[in-house]
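Please consult the sequence and the structure shown here while reading.

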Amino acid sequence: MTRTATRNPVETTAVRQVEAPPPVGGRGRRRLIDQARAYAFLIGGLICFALFSWYPAIRAVVIAFQKYTPGSSPEWVGTANFTRVWHDPEFTAAWRNTLVFTLLALLIGFAIPFVLALVLNELRHWKAFFRVVVYLPVMIPPVVTALLWKWFYDPGAGLANETLRFLHLPTSNWSNGTDTALISLVIVATWANLGGTVLIYLAALQSIPGELYEAAELDGASLLQRVRHVTIPQTRFVILMLMLLQIIATMQVFTEPFVITGGGPESATVTVLYLIYKYAFLYNDFGGACALSVMLLVLLGAFSAVYLRLTRSGEDDL
């Protein structure tokens with residue numbers, strides 16, 4: 001009969017300590033070097049943000065309460081800049097145009113990408129080609145896009161009116177008319193930013209389990225019913241996120257009115273950001289420009305807070 005030998009726990013611990021390999025000094029040194037390099041990159045990024053993002057934002061808030069012109073010492077004036085900007089006749093027009101632009105961009109530029117994503121998702125052939133075609137406008141610089149559409153909207157020999165004449169339809173003033181200028185800019189912005197939104201929707205559609213569509217088809221659901229009861233509920237979080245991001249982006253529209261219309265005709269396309277530009281670089285009133293910027297900052301900050309809150313709640317649900 002064999003007898004199993006037992007070891008004292010103290011002896012076992014001593015043996016393990018003796019058998020353990022000695023620590024390697026090179027490995028610990030390399031780890032410290034990697035950590036130091038990572039912190040160096042982090043500090044460099046923080047310095048860049050501080051110099052080019054945080055400092056200008058804080059400086060703008062300070063100047064909003066000062067009378068500031070280049071070459072002179074700033075003078076503290078309290079809320080006088082806000083009061084002066086508030087009573088500016090263009091102030092109401094700028095906010096009205098910005099809100100109308102945002103609303104039209106949601107109605108036009110929000111539904112079209114979703115429909116295009118549905119169509120691309122159902123394609124069986126040439127899917128990659130049409131993705132590139134849809135995304136192509138995003139790769140064009142914004143100023144080039146605005147200049148292209150400015151020529152397109154030319155009331156004389158522009159391609160838009162030439163097409164209408166060829167079809168024997170009445171022509172339009174497009175960006176030169178007070179009634180059509182803003183909607184013309186919405187079309188430009190929608191075309192320029194269409195591709196990125198379509199690809200995001202397409203990624204969301206392809207993440208929907210196919211079993212849901214198969215079950216809906218077995219229940220006799222039509223295409224519209226599948227979109228209503230399967231597609232939209234499964235992508236509602238992405239739809240809501242893109243809606244908030246589009247609101248934040250369209251309320252900062254500047255390139256289209258600056259390049260195409262110059263804020264005209266008759267202030268019909270003056271937006272808040274374009275009015276800030278006018279205060280700073282045309283009127284040389286940096287205090288008024290910063291005051292208007294702070295107003296826009298507060299509004300966009302509220303939308304950003306909603307976006308972050310919904311993003312966190314969505315991650316918790318996932």
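This is a predicted model: local features need pLDDT of at least 70, side-chain atom pairs count only at pLDDT 80 or more; totals for chains, interfaces and linings use all residues.

Residues are numbered from 1 along each chain as its sequence is written, and side-chain values use heavy atoms, with hydrogens and water left out.

**Overall make-up**

- The protein chain comprises 16 helices and two strands; helices (H or I, at least four residues) and strands (E, at least two) are DSSP runs, numbered from the N terminus.
- The chain has 318 residues, of which 33% count as buried; buried means under 20% relative accessible area, exposed over 50%, and partly exposed in between, with a 1.4 Å probe and protein chains only.
- When contacts between residues at least 6 apart in sequence are considered, 66% join residues at least 24 apart; contact means heavy atoms within 4.5 Å.

**Helices α5 and α10**

- The axes of α5 (residues 111-122) and α10 (residues 194-206) come within 8 Å and cross at roughly 50°; axes are lines fitted to C-alpha atoms, for helices over the stretch in contact, and angles run from 0 to 180 degrees between N-to-C directions.
- This angle makes α5 oblique to α10, given that angles under 35 degrees count as roughly parallel, over 145 as roughly antiparallel, 65 to 115 as roughly perpendicular and the rest as oblique.
- The crossing of α5 past α10 is right-handed; a crossing is left-handed if the near helix is turned anticlockwise from the far one by less than a right angle, and right-handed if clockwise.
- Residues of α5 in this contact include Ile-112, Phe-114 and Leu-120, and those of α10 include Thr-197, Tyr-201 and Leu-205.
- By class, the contact of α5 with α10 has 12 nonpolar, three polar and no charged residues; Ala, Val, Leu, Ile, Met, Phe, Trp, Tyr, Cys and Pro count as nonpolar, Asp, Glu, Lys and Arg as charged, and the others, Gly among them, as polar.
- Leu-116 lies in α5 and is partly exposed, at a relative accessible area of 29%.
- Leaving aside neighbours within four places in sequence, Leu-116 is in contact with Leu-194 and Val-198.
- Leu-116 and Leu-199 are 83 residues apart in sequence, and their C-alpha atoms are 9.6 Å apart in space.

**Helices α11 and α12**

- Helix α11 (residues 210-218) and helix α12 (residues 223-234) have axes that come within 10 Å and cross at roughly 160°, which makes α11 roughly antiparallel to α12.
- The crossing of α11 past α12 is right-handed.
- From α11, Leu-212, Tyr-213, Ala-216 and Glu-217 meet Arg-226, Val-230, Thr-231 and Gln-234 of α12.
- This contact of α11 with α12 divides into four nonpolar, two polar and two charged residues.

**Helices α4 and α15, with two threonines**

- Helix α4 (residues 89-109) packs with helix α15 (residues 272-282) at an angle of about 145°, their axes being 8 Å apart.
- Glu-90, Phe-91, Ala-94, Trp-95 and Thr-98 of α4 meet Val-272, Leu-275 and Lys-278 of α15.
- The residues of the contact of α4 with α15 are five nonpolar, one polar and two charged.
- Thr-98 is buried, with a relative accessible area of 0%, and touches Met-251, Thr-271 and Val-272, not counting residues up to four places away in sequence.
- Thr-261, in helix α14 (residues 255-261), is buried with a relative accessible area of 16%.
- Not counting residues up to four places away in sequence, Thr-261 touches Ser-175, Leu-185, Glu-256 and Thr-269.

**Aromatic pairs**

- The structure holds 22 aromatic pairs; rings of Phe, Tyr and Trp (its six-membered ring) pair if their centres lie within 6.5 Å, and planes under 30 degrees apart count as stacked, over 60 as edge-to-face and the rest as tilted.
- Tyr-68 and Phe-286 form an edge-to-face pair, at 6.1 Å centre to centre and 85° between the planes.
- This pair links distant parts of the chain, 218 residues apart: Tyr-68 is in the loop between β1 (66-67) and β2 (75-76), and Phe-286 is in helix α16 (residues 286-317).
- Tyr-68 is partly exposed at 23% relative accessible area, and Phe-286 is partly exposed at 22%.
- The rings of Phe-254 and Phe-258 are stacked, because their centres are 5.1 Å apart and their planes are at 20°.
- Phe-254 counts as partly exposed at 22% relative accessibility, as does Phe-258 at 36%.
- Trp-149, Phe-152, Tyr-153, Trp-174 and Trp-191 are linked into a cluster by ring pairs.
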